[in-house]
Amino acid sequence: MTGSYPHAPGFWAGDRPRIVTSRFEHADSHTLERYLATDGYSGLRKALGRPASEIHDEVKNATVLGRGGAGFPAGTKWGLTPQGVWPRYLVVNGDESEPGTYKDRLLMERDPHQLIEGCLIACYAAGLSQCFLYIRGEMALAQERVATALNEAYAAGYVGRNVLGSRFSVDIVLHWGAGAYVVGEETALIESLEGNRGMPRLKPPYFPAAIGLYGQPTIVNNVETLANLPWLARHGAEAYTSIGTKTSPGTRMVAVSGHVKRPGVFEIVNGTTTFRDLIFGDEFCGGIRDGNELKAFVPGGGSAPWFTPDQLDLPFEASQIGPAGSMLGSGAVMVMDHTTDIPKAALTLTRFYAHESCGKCTPCREGGTWLERILSRIVDGKGTHADLDQLTEVGESICPGAFPHASSSRLGLAATPFPYRMNTICFVGPSAYAPVHSALTLFREEFEARIVERKLIPVAGVAS
Amino acid sequence: MARLSEDNVRLAREIIARYPKARSATIPLLHLAQQQDGWVTNEAMAHIGDLVGATSAEVLGTATFYEMFKFEPVGKYVVNICGTMSCALMGAEDLMHHAEEKLGVRLGGTTSDGLITLERAECQAACTEAPCLQVNYRYRFRVTNADFDRLVDDLRAGRLDAEIPPHGTVARVRQSIPVDRAVGAVPPEAVTEPPVWLDGKAAL
């Protein structure tokens, strides 16, 4: 059994408030017919009946945190556009590919109209005149479902000229990628959308809201972020903030994978649900497989520094995870039980980031590859003590200074808080180092055990 | 094997017209070329350059950045086995070894009958269903060695033809914007005024 509904592999509903997954129980949740029968497009109708600025305020008041990784409030992001510069665009980031993350694909496959309605509400509220919906190239079903939904929505008058007969007009253009993790970085996404190699742009400007697509103000929002808007438009900011905590309101999608009894994707209450709930709770993953013990877990996607059982009682609340030495990222928890070969596990992530480096910044292009090669050598039992030091040295050339890590009662170690400093434009380089640094800091003995002692053998007869 | 066909040029022009700048259609047109030929030929890239106003070198520069584009023929089916953390924790490495044995090729190779190209892939966003793989970007979840053998047998026997199109076709449904409903794309420099609905009044 792979989840409670055969049509939504991995998804488990549970007895919890649901904002973005409310239609998942229906096998036909992706159709316009089902969408309309379940309050679909009523949030849009409600929004269009009010001035755009009021809808923008509603989103600001609800503090809808970005669900792509950085957790920046959407309403604030929309407000960063420079005065009087037109046109402005919306780019939807559906390039989900952070290791461990599985939620945006499900939202696109299961409820594409909800995403389309979210795009429309965002364009209306923030005055964006065209929307580009960028879906990861490898997601064939998501592309088919969103294309079908867009065709239905255009035909029925929900998208395009004079939406629902109003003065609001916007095109939503389906665009798709072709396989490159780094394109999930918003300025790389824009480069890709302009037809270029998907390399991040030099910052500042820090936000494409200032200078983005074609040099114009551009809002880049994640799929899940936008999927929240129809519910918000229907029920209002007060209802939204009544779920979760003040600083992390609403719900969020979290995928828990790895060595748990029941891996799954859950819509959880933001801010209060803890990692212990998720990994051990009966309504979530039900504990570690085969009665094994928890060794470590990645709390927020492959880029995040690791946690150990010491951090299990932390909630999904950014203000607590940062000081504890990691980040919530994109809602992806990867669980390792006591049988896990830690250096090897770290290698699977470092190899990913080394492979996905776009090559623009030297510390990432060279450093990531070095980290991968040194780590491979150690895993293969050919590493030396000098290799361990070199891992740290290379890591410091990507991220100078103290790198965040969790506290450890076993090692008597205090946490180093997030974030880190970086010598690269984007987070791919630091992400290659994060698993190495966590593994080395928290489980150094496993690396030491792999090291081969090599003695210098004196060669006779060559002394001068 | 070559430039885009007449039908595809028509489709290409329709796609280009959706963007404020033609260059934005580069990746969608590369997919179109790959759908036509199964891989991306030099002739197709030159043709795409003509259509979007770029040199063939610029199109090549973009194309080679992205892993899905192939510049030499590949199998009718490209099988991508995920090897990133969640899948690795759940046995992806064993599955890859088994796949190499079963198909008699190394990762990156194509079977001698030209049917299957085997590749190692990075995270496919199905981490709860590990280990997973894609065949021409169609998923298979929690794949055991026996599942893999059955998959290969089914592909060879043509039993999955209805579900899995030949390599090059990703989505089988295309967006089509009805002319009477389209707002239409204009170059950014042609827009200087805020959208009409930002006048402080409700739009409906």
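Which residue of strand 8 of chain A is the bridge partner of Ala255(A)? In this predicted model, the bridge partner of Ala255(A) is Ala332(A). The pair belongs to the contact between strand 5 (residues 251-258) and strand 8 of chain A, which pair in the parallel sense over 4 bridges.

Strand 8 of chain A is largely enclosed by the rest of the structure, because 5 of its 6 residues are buried.

The loop between helix 12 (318-321) and strand 8 (332-337) of chain A contains Leu328(A). Leu328(A) counts as buried because it has 29 C-beta neighbours inside 10 Å, where the cut-off for a buried residue is 20 or more. When residues up to four places away in sequence are not counted, Leu328(A) touches Gly71(A), Pro299(A), Gly300(A), Phe316(A), Ala318(A) and Ile321(A). Leu328(A) also lies 8.4 Å from Ala70(A), C-alpha to C-alpha, although 258 residues separate the two in sequence.

Chain B likewise contains an open sheet of 4 strands, here in the order 2-1-3-4 and with mixed pairing. Strand 2 and strand 4 (138-140) of chain B stand at the edges with a single partner strand each, so one side of each is left without a neighbour in the sheet. Neighbouring strands of this sheet are turned against each other by 25 degrees on average, direction ignored. Strand 1 (residues 77-82) and strand 2 of chain B run parallel and are joined by 6 bridges; in this pairing, Ile116(B) of strand 2 is the bridge partner of Tyr77(B). Strand 3 (residues 133-135) and strand 4 of chain B, by contrast, run antiparallel and are joined by 3 bridges, with Leu133(B) opposite Arg140(B) of strand 4. Although strand 2 of chain B stands at an edge of the sheet, 5 of the 6 residues of this strand (residues 116-121) are buried, so strand 2 is largely enclosed by the rest of the structure.

Helix packing was examined for two pairs in chain A. The axes of helix 14 (residues 362-379) and helix 15 (residues 385-398) of chain A come within 9 Å and cross at roughly 160 degrees. Helix 14 is therefore roughly antiparallel to helix 15, as angles over 145 degrees are counted in this class. The crossing of helix 14 and helix 15 is left-handed. In this contact, Pro363(A), Cys364(A), Gly367(A), Trp370(A), Leu371(A), Ile374(A), Arg377(A) and Ile378(A) of helix 14 meet Asp387(A), Gln390(A), Leu391(A), Val394(A), Ser397(A) and Ile398(A) of helix 15. By class, the residues of this contact comprise 9 nonpolar, 3 polar and 2 charged.

In the second pair, the axes of helix 3 (residues 52-62) and helix 10 (residues 229-241) of chain A are 9 Å apart, and the packing angle is about 50 degrees. Helix 3 and helix 10 of chain A are therefore oblique to each other. Helix 3 passes helix 10 in a left-handed crossing. Helix 3 contributes Ile55(A), Glu58(A), Val59(A), Asn61(A) and Ala62(A) to the contact, and helix 10 contributes Leu229(A), Leu232(A), Ala233(A), Gly236(A), Ala237(A), Tyr240(A) and Thr241(A). The contact of helix 3 with helix 10 has 8 nonpolar, 3 polar and 1 charged residues.

Between the chains, 66 residues of chain B are in contact with 79 residues of chain A. On the side of chain B that touches chain A, helix 2 (26-37), helix 4 (56-63) and helix 5 (85-89) of chain B each supply at least two residues. The largest share, 5 residues, comes from helix 2 of chain B. The residues on this side of chain B divide into 38 nonpolar, 15 polar and 13 charged.

Terms used: Residues are numbered from 1 along each chain as its sequence is written. Chains are lettered from A and ligands numbered from 1 in the order in which they are written. This is a predicted model: local features need pLDDT of at least 70, side-chain atom pairs count only at pLDDT 80 or more; totals for chains, interfaces and linings use all residues. Axes are lines fitted to C-alpha atoms, for helices over the stretch in contact, and angles run from 0 to 180 degrees between N-to-C directions. Angles under 35 degrees count as roughly parallel, over 145 as roughly antiparallel, 65 to 115 as roughly perpendicular and the rest as oblique. A crossing is left-handed if the near helix is turned anticlockwise from the far one by less than a right angle, and right-handed if clockwise. Two residues are in contact if their C-beta atoms, placed from the backbone, lie within 7 Å. Ala, Val, Leu, Ile, Met, Phe, Trp, Tyr, Cys and Pro count as nonpolar, Asp, Glu, Lys and Arg as charged, and the others, Gly among them, as polar. A residue is buried if 20 or more other C-beta atoms lie within 10 Å of its own, exposed if 12 or fewer, and partly exposed in between; C-beta atoms are placed from the backbone. Two strands pair if DSSP finds at least two bridges between them.
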